[in-house]
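Subject: Handover of a structure and its findings

Dear colleague,

Please find below the structure that I am handing over to you. I would ask you to keep it open while you read the notes after it.

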Amino acid sequence: MAKIYDALRRAEEERRRRAGDEVSPVAPLNIDPPPAAAKPRSARPSLWQRLFRRAKVRRLEAGGATEINKRRISIIQPDSYVAEQFRGLRGRIDAIGAERPITSIVVTSAFPGEGKTTASVNLAAVTALSLGQRVLLIDCDLRKPKVHTSLGLRPQAGLAEVLRNEVALDDALMKVEGANFEVLPVRGRPSNPSELLGSPEMKKLVEEVSQRYDRVILDSPAALGLPDAKAISNLCDGAVLVVRADFTSQQDVESVLEMLDRDRILGLLLNGATVDQARYGYAAS
Ligand SMILES: Nc1ncnc2c1ncn2[C@@H]1O[C@H](COP(=O)(O)OP(=O)(O)OP(=O)(O)O)[C@@H](O)[C@H]1O
Ligand SMILES: [Mg+2]
């Protein structure tokens, strides 16, 4: 883990040297403590145990209530520790936004499953808590869209349909119950996601929503190995990088920082850190 903190600290020191600001880039996000290391299996699980496990996996895949609540924690527990971390990130973005215009923000990570969608939903939720802020969350993961399931939405149309001019933007936008932001979800999964995200229509869409909203958060696929996140990042004013604690190597964090251009990184979210790591994360910045 120390390797990641070193990378983050170096990235921040370099950024500060260039920008001369004093704001911490590392906002540790800790919804749950990291799972305990797997226990060695002493015996083959019984049929009952195997059936129970399968049922549990299916419940998670279907986006059960617990799973939804976990991802939208800033909405249902606005006073929680996690919501507080996202407020810190929002404050940092606001501070940078006072120096240069920041409307569109892509959320990405090196690898799948590091917490991008969870972070996007929570950042949108805390940003929308600011008085008078019009906030839009766009699901730009056309391969494995999760924003709608995270928020319990059932879209009739989404990003691909809007980009193909099959549906008007206003007809695809959805409101989130209990929260003050709107969502452009994904409905159809196109066979050419990279081409759609890199198209002039996508550029036009980001320009249009940037006129209509104060903040536009774009949830993206993982950055390494796919062109999608880079294509989206090129259209945005800045990026938030999610780093899963004890998972992503320093080298991979460095690769993403290079790919997205360090100067455009608005913040790093260390996801799944223990409380001690989180403290160290703040101390290191
Ligand atoms: N800090 C955390 N504590 C517990 N569970 C978490 C945490 N962060 C994310 N998760 C869970 O990990 C899973 C992956 O999270 P999420 O979907 O946000 O990642 P992702 O980076 O968007 O994944 P993908 O690359 O597949 O889109 C989800 O089930 C989510 O609820
Ligand atoms: Mg995701």
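The notes below describe what was found.

This is a predicted model, in which local features need pLDDT of at least 70 and side-chain atom pairs count only at pLDDT 80 or more, while totals for chains, interfaces and linings use all residues. Residues are numbered from 1 along each chain as its sequence is written, and chains are lettered from A and ligands numbered from 1 in the order in which they are written.

**Overall content.** The chain has 14 helices and eight strands; these are DSSP runs numbered from the N terminus (helices H or I, at least four residues; strands E, at least two). Of its 285 residues, 43% are buried. A residue is buried if 20 or more other C-beta atoms lie within 10 Å of its own, exposed if 12 or fewer, and partly exposed in between, with C-beta atoms placed from the backbone.

**The core.** The largest nonpolar core contains 64 residues, and Ile-105, Leu-218 and Val-240 have the most contacts inside it. Such a core is a set of buried Ala, Val, Leu, Ile, Met, Phe, Trp, Tyr and Cys residues joined through C-beta atoms within 7 Å. Helix α6 (residues 116-129) gives the most to this core, with seven residues. Leaving aside residues up to four places away in sequence, Leu-218 touches several residues, including Ile-105, Val-107, Ile-138 and Cys-236; contact means that C-beta atoms, placed from the backbone, lie within 7 Å.

**Helix α11.** Which residues of α11 are buried? They are Met-202, Val-206 and Val-209. These residues cover an arc of only 75 degrees around the axis, which puts them on the same side of α11; the arc is that of the directions from the helix axis to the C-beta atoms. The face turned away from the buried side of α11 carries the exposed residues Pro-200, Lys-204, Glu-207, Glu-208 and Gln-211. The buried residues of α11 pack against several elements, among them β2 (104-109), β6 (215-219) and α12 (228-235).

**Strand β8.** Leu-268 lies in strand β8 (residues 265-271). Why does Leu-268 count as buried? Leu-268 has 27 C-beta neighbours inside 10 Å, and therefore counts as buried. Leu-268 and Thr-108 are 160 residues apart in sequence, yet their C-alpha atoms are 9.9 Å apart in space.

Yours sincerely

Methods
Contact = placed C-beta atoms within 7 Å.
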